[in-house]
Amino acid sequence: MRTRRRTLSYLLAFIPAVLLAGVLGSVIQTQFNLLAIGSIGPAIDFTTRLETTIYDLRHFGPVYTAIIFLVYLIALPVAHLVVRVQKRQIYAWCAVATAIGLWVAFRFIDHFAPMPTLIAATRTTPGTLLMIFSSFLGGLFYAWLSRILRRYLPRTRKGT
Amino acid sequence: MNLTWQRPLLALTAAISFSAAATHSDAEAHDSNLWQYEVVAADIEFPWAIVILPNDDYLISSRSGALWHIKSTDEQMTNVLPELANLWVDGQAGLFDLALHPHFASEPYVYFTYACGDLRNNNTCLARARWTGSELVDTELLFQAYPEKRGSAHYGGRLAFLPDDTLVLTLGDGFDYRERAQSLSDHLGTTIRLSLDGDIPTDNPFVANSRALPEIYSYGHRNVQGIAWHPQLQTLFISEHGPRGGDEINRLRAGGNFGWPLLTAGVDYTGAKITPYRDLPGLIQADFEWTPSIAPSGLAIYSGAEFPQWQDHLLVPALAGKHVALLRADEDSVEPVAKLFTDLDARIRAVQVHPHNGHIYLLIDAADGKVIKVTRQ
């Protein structure tokens, strides 16, 4: 019963964590792009920044979230395997696995895509690190949420 | 190799004369029944450019690093590319454009552009070599774009001669370096103007600017792969690849800032906005745009007797669009007229017009690429 509740908590935490990392990553890449545009053109005012951020959430967000989904699908089970052996530090392993997973995904995509760098914000090291940080936070959130959910999910009755 | 593609004609016969066609409506004047195709060269890996020598032989560049001399007499193909120690072939990199010296009869030089360097340090080079009739000798490097950048994308690489015996070379932004197209301190995203010997003309627009490279002619470009002088309008036209959307036709102006990446109608391949702006003071707006993209990869101005209805029109080959866009230009505007050669269903890298008879040559972009001659039916 305990195992089933734990598995359910992981499944329920997965999608919110993917969405959080997807939204954070989209917002970060917009700010990096606007920083670059602002460095060669007029200063970006708040309204323009907000409009561009919302536009990117609608148009870049789904693509990026799909990448995060695939990364988490592989990275989180790996993190759970390590935790099963070590029996602790689930927060750290989930965060690290999702961060490394996204970095590997960037390298993989850029190797096979026809353009040198698919996501413009990852052209620089600070941009890449901040994008990876969004995935790191998503991994942390997953670990936290799954623990919370486990606490509040109803226990299954004996024999049912 | 002299394979003729006759389109199946049911109603029309080969007797269609131009005089009859000229009286047809505008749409019919660009009807595919008016022309026929002939493959004049095949099995050329990613052909990029063609020049027609005075004896009607062809020189055809292959992006994969070959320069084919095809004789008009027996169609024999010979690779005549001179030894280039730093030719870089990878992705979009390789051998690019070809052009004959404007006074080729007395100065038989062939100009060619190519990617030079290696994966981490490369850019566009311009060289010329003397044509002996069977080989290219005495290669001279005339220009190497600065800086040496990483990656194998966006080289520009097309060149055109101006009536004042100078040349303009297009240079790409290197893809990852797009913001530097707004800088005058390197060649990324610029066009440059040189004398035919590679010297810097004293009347270049930024010669007096100590912060600018003196060979720069215009800037704010993404990846210009089409350039042609329009003799009637006395204007240099360019075609430029946009990102996802925002392909452009522009009139090149000395000292002009064409806006990339501050202005574009396109978005990034991921769907993200590249810039929030469509218009900014001091930046030149496109004369004509394509959204969605057609990937314009060349430009020719039609001149000749073969298709007089297209006289002085712009011919823009499209890779993604798989056609040649026919556009009409005047002093103020550029208007689309028709999509030509769509029945080929092929990525078209370049279009060249025979300087004497007006036959059109299409370079089909493929690993087993070919050159197709278009003549009147």
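Reader: I'm new to this one. Where do I start, and how many residues of chain A are in contact with chain B?

Author: Start with where the chains meet, and keep in mind that this is a predicted model. Here 23 residues of chain A are in contact with 19 residues of chain B.

Reader: Which helices of chain A supply at least two residues each to that side?

Author: Look at α1 (2–40) and α2 (46–59) of chain A; each of them supplies at least two residues of the side that touches chain B. The most comes from α1(A), which gives seven residues.

Reader: And how do the residues on that side of chain A divide by class?

Author: There are eleven nonpolar, nine polar and three charged residues on the side of chain A that touches chain B.

Reader: Next, the inside. What should I have in mind when I look for a nonpolar core?

Author: The general idea is that in soluble globular proteins, nonpolar side chains tend to be buried together. In this model, the largest nonpolar core has 142 residues. Those with the most contacts inside that core are Cys94(A), Val110(B), Val324(B) and Leu362(B). As for helices, α1(A) gives the most to this core, with eleven residues.

Reader: Let me pick Val110(B). Which residues is Val110(B) in contact with, leaving aside neighbours within four places in sequence?

Author: You'll find Leu59(B), Leu98(B), Leu100(B), Arg128(B), Ala129(B), Trp131(B) and Leu136(B) in contact with Val110(B).

Reader: How do I read a pair of helices, say α3 (residues 61–86) and α4 (residues 90–112) of chain A?

Author: Check the axes, then the angle. The axes of α3(A) and α4(A) come within 8 Å and cross at roughly 140°. Angles over 145 degrees would count as roughly antiparallel, so α3(A) and α4(A) are oblique to each other. The crossing of α3(A) past α4(A) is right-handed.

Reader: What residues make that contact?

Author: On α3(A), they include Ile67(A), Val71(A) and Tyr72(A), and on α4(A), Trp93(A), Cys94(A) and Gly101(A) are among them. By class, this contact has 16 nonpolar, two polar and no charged residues. You've met Cys94(A) already, as one of the residues with the most contacts inside the largest nonpolar core.

Key:
Residues are numbered from 1 along each chain as its sequence is written. Chains are lettered from A and ligands numbered from 1 in the order in which they are written. This is a predicted model: local features need pLDDT of at least 70, side-chain atom pairs count only at pLDDT 80 or more; totals for chains, interfaces and linings use all residues. Two residues are in contact if their C-beta atoms, placed from the backbone, lie within 7 Å. Helices (H or I, at least four residues) and strands (E, at least two) are DSSP runs, numbered from the N terminus. Ala, Val, Leu, Ile, Met, Phe, Trp, Tyr, Cys and Pro count as nonpolar, Asp, Glu, Lys and Arg as charged, and the others, Gly among them, as polar. A nonpolar core is a set of buried Ala, Val, Leu, Ile, Met, Phe, Trp, Tyr and Cys residues joined through C-beta atoms within 7 Å. A residue is buried if 20 or more other C-beta atoms lie within 10 Å of its own, exposed if 12 or fewer, and partly exposed in between; C-beta atoms are placed from the backbone. Axes are lines fitted to C-alpha atoms, for helices over the stretch in contact, and angles run from 0 to 180 degrees between N-to-C directions. Angles under 35 degrees count as roughly parallel, over 145 as roughly antiparallel, 65 to 115 as roughly perpendicular and the rest as oblique. A crossing is left-handed if the near helix is turned anticlockwise from the far one by less than a right angle, and right-handed if clockwise.
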